[in-house]
Amino acid sequence: MLGDNLIFIGPDCWKSEPCPYFKEDKTLFEAWHAKAASEGLSVRIGRWTIPGEPVAILVNFDSYYKKKDEIYGQLWEDFKVDSLHAYGDYDEASMFSYAAALVVQSFYYYNISPEKKVVYHGNEWMTGLGLLYIHKYVPEIATIFTTHATSIGRSIAGNNKPLYDYFEGYNGNQMADELNMQSKHSIEHQTAKYVDCFTTVSEITARECKQLLDKPVDVVLPNGFENDFVPKGAAFTRKRKAAREKLLAIANELTGEHLDDNTMIVSTSGRYEFRNKGLDVFIDAMNILRHDNRVKRNVVAFIDVPAWVREPRKDLQNRLEQVFNDGTPLDTPVITHWLNNMDQDSTLNKFRALGINNSANDHVKIIFIPCYLTGNDGIVNLSYYDVLLGNDLCVFPSYYEPWGYTPLESIAFKVPCVTTDLAGFGLWVNSELGRYGELADGVKVVHRTDSNYADVANAIEETVYEYSEFSAANVKAARTNAEKLSRKALWRHFIKYYEQAYDFALHKAAERKNKE
């Protein structure tokens with residue numbers, strides 16, 4: 001729709017190394033590139049290697065670290081952003097954001113005529129400094145800020161505090177002091193205040209923004225999906241079969257079992273936020289299932305979450321390469337890659353506490369795949385989306401989840417899933433159906449609160465058991481309904497919200513210009 005009028009700006013992380021996600025094109029904006037270089041801006045211009053191949057500008061921001069104190073001082077003078085308590089990734093994000101804003105400023109004044117309408121859209125607190133810079137120095141440009149999760153809300157949840165029961169009592173500034181989140185909260189708070197259009201990705205996070213950032217959002221921008229890379233027809237069937245064969249081979253070689261294709265494959269995935277993503281409750285649910293005598297099928301539950309990986313297991317590699325299985329399990333038959341922190345890892349510690357060791361008499365096996373599934377991890381050697389195809393059911397029992405891309409991806413690949421009503425996606429499903437989603441709809445939405453952890457674990461266990469008892473016809477119907485529901489979240493349905501936000505921001509920018 002926008003063609004080359006849409007430009008993405010990102011950090012030049014790869015520098016002189018070839019980047020698999022970007023191809024440089026030195027003919028794009030060649031004259032401006034020379035001008036930018038003369039201004040001290042280090043950029044590479046090319047295209048993002050995704051469908052549509054949009055223009056992308058990669059920025060090297062290393063040179064700005066030496067003046068960060070000056071930049072932060074000006075930020076305080078202009079917008080009262082507190083950068084004194086910065087630590088971790090704050091400096092890196094801020095220096096990129098500053099450099100990106102300089103690029104936008106240079107590009108705008110060199111390439112774009114004054115009558116053109118321009119929007120600068122930043123996502124998450126990491127882009128806040130640049131948005132505030134544009135607001136001050138290039139007020140002709142309309143600014144939009146999208147927070148996908150408030151930094152303080154995520155921190156409250158991640159620190160095992162009850163986010164929801166006492167929600168109306170939380171003060172964002174007070175909690176930022178308590179949780180040592182002052183700088184990230186400050187940049188997010190002030191960016192939300194000053195931009196032309198403040199947005200988030202779901203109604204549940206909109207409520208959070210109003211309470212913790214003292215700023216109601218102007219527009220909600222739900223996360224859409226493109227399904228053009230989901231395989232179809234024979235390719236879908238072939239890839240699903242290959243994924244199941246690989247996953248079952250891994251389970252068999254780890255445990256010494258001979259699990260066949262009738263085995264039910266369940267998984268969870270996402271970032272390694274043990275409580276926020278519901279990894280704790282998933283493990284407990286699978287442990288309850290492990291002791292449920294009603295379950296007639298073998299079940300393998302995979303946790304596909306990247307951790308601090310040291311290396312792929314050589315013993316497992318050898319067995320997989322030799323297709324070797326003499327009925328004996330490997331040592332520690334619950335994990336596919338060795339970690340640097342085997343004794344401190346939250347998932348392995350919970351396995352140990354529950355006595356989960358994938359013994360021969362366990363009809364439910366639980367396996368941790370602690371790596372990014374990029375296709376070359378040394379064990380699975382399939383991409384995440386190819387692995388996803390092999391699942392019968394996915395479970396995402398989030399405690400804190402502004403939207404929830406993983407369940408949406410799951411149903412797009414015809415894999416029914418479980419989520420919760422603390423996830424923006426779960427609430428969207430309920431609103432689409434006009435009731436709580438059930439497994440037959442393709443998405444089971446479980447009610448979750450601060451205080452019903454055990455109920456959630458039992459509900460997930462019951463759902464997995466229920467699905468294991470589905471007839472072939474019921475499974476087919478659930479898979480079909482899952483895919484149909486995913487089509488309602490395609491970008492062609494959700495782009496209208498972005499158009500609304502752009503219109504809102506442009507009107508604010510025009511009003512500002514008319515007051516001059």
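Tutor: Helices are DSSP runs of H or I with at least four residues, and strands are runs of E with at least two, numbered from the N terminus. The model here is predicted. By that rule the chain holds 18 helices and 16 strands.

Student: Where is Thr 332 found, then?

Tutor: Thr 332 sits in the loop between α11 (314–322) and β12 (337–339).

Student: What makes the phi of Thr 332 worth a remark?

Tutor: Phi of Thr 332 is near 50 degrees, which is a positive value in a residue other than glycine. Asp 214 also has a positive phi, about 60 degrees, and is not a glycine. Asp 214 belongs to the loop between α8 (203–212) and β8 (219–220).

Student: Why does Thr 332 count as partly exposed?

Tutor: Partly exposed lies between the limits of under 20% for buried and over 50% for exposed. Thr 332 has 35% relative accessibility, so it counts as partly exposed. Asp 214 has 48%, so it is partly exposed too.

Student: How do you know that the radius of gyration agrees with a compact globule?

Tutor: Set the two values side by side. A compact globule of 516 residues would have a radius of gyration near 24 Å. The chain has 25 Å, so it agrees. Along its principal axes, the C-alpha trace spans about 75 × 50 × 45 Å.

Student: How many of the residues are buried?

Tutor: Buried residues are 55% of the 516. The chain still exposes about 22900 Å², and carbon and sulfur atoms supply 52% of that area.

Student: What share of the contacts join residues at least 24 apart?

Tutor: Take contacts between residues at least 6 apart in sequence. Of these, 71% join residues at least 24 apart.

Student: Why is helix α4 called largely enclosed?

Tutor: Count its residues. In helix α4 (residues 128–137), 7 of the 10 are buried, so the rest of the structure largely encloses it. The buried ones are Gly 128, Leu 129, Gly 130, Leu 131, Leu 132, Tyr 133 and Ile 134.

Student: What do the buried residues of α4 pack against?

Tutor: They pack against α2, α3 (90–111), β5 (119–123), β6 (142–147) and α7 (182–194).

Student: On to charges. How many positive and negative side chains are there?

Tutor: The chain has 56 positive and 70 negative side chains. The centres of the two sets lie 3 Å apart.

Student: Why is the pair Lys 15 and Asp 62 called a salt bridge?

Tutor: The rule asks for a side-chain nitrogen of Lys or Arg within 4 Å of a carboxyl oxygen of Asp or Glu. The closest N and O atoms of Lys 15 and Asp 62 are 3.7 Å apart. That falls within 4 Å, so the pair is a salt bridge. Lys 15 is in the loop between β1 (7–11) and β2 (22–24), and Asp 62 is in the loop between β4 (55–60) and α2 (68–79), so the bridge ties together parts 47 residues apart in sequence.

Student: What makes Arg 44 and Glu 24 a salt bridge?

Tutor: Their closest N and O atoms are 3.8 Å apart. The limit is 4 Å, so the pair qualifies. Arg 44 lies in strand β3 (residues 42–48) and Glu 24 in strand β2, so parts 20 residues apart in sequence are tied together.

Student: What is Arg 44 in contact with, beyond its neighbours within four places in sequence?

Tutor: Its contacts include Asp 12, Trp 14, Lys 15, Phe 22, Glu 24 and Ile 57.

Student: How do you know that Glu 432 and Lys 488 form a salt bridge?

Tutor: Their closest N and O atoms are 4.0 Å apart. Glu 432 lies in helix α15 (residues 424–433) and Lys 488 in the loop between α17 (472–487) and α18 (491–514), so parts 56 residues apart in sequence are tied together. Glu 432 is partly exposed at 35%, and Lys 488 is partly exposed at 42%.

Student: How many salt bridges does the rule give?

Tutor: The count comes to 36. Arg 240, Arg 244, Asp 261 and Asp 392 are linked in a network of salt bridges.

How values were computed: Residues are numbered from 1 along each chain as its sequence is written. This is a predicted model: local features need pLDDT of at least 70, side-chain atom pairs count only at pLDDT 80 or more; totals for chains, interfaces and linings use all residues. Side-chain values use heavy atoms; hydrogens and water are left out. The radius of gyration is taken over C-alpha atoms; the globule rule is 2.2 Å times the number of residues to the power 0.38. Buried means under 20% relative accessible area, exposed over 50%, partly exposed in between (1.4 Å probe, protein chains only). Contact means heavy atoms within 4.5 Å. Accessible areas come from the Shrake-Rupley method with a 1.4 Å probe; for residues, only the protein chains shown count as cover. Lys and Arg count as positive and Asp and Glu as negative; His and the chain ends are not counted. The place of a charge is taken as NZ of Lys, CZ of Arg, CG of Asp or CD of Glu.
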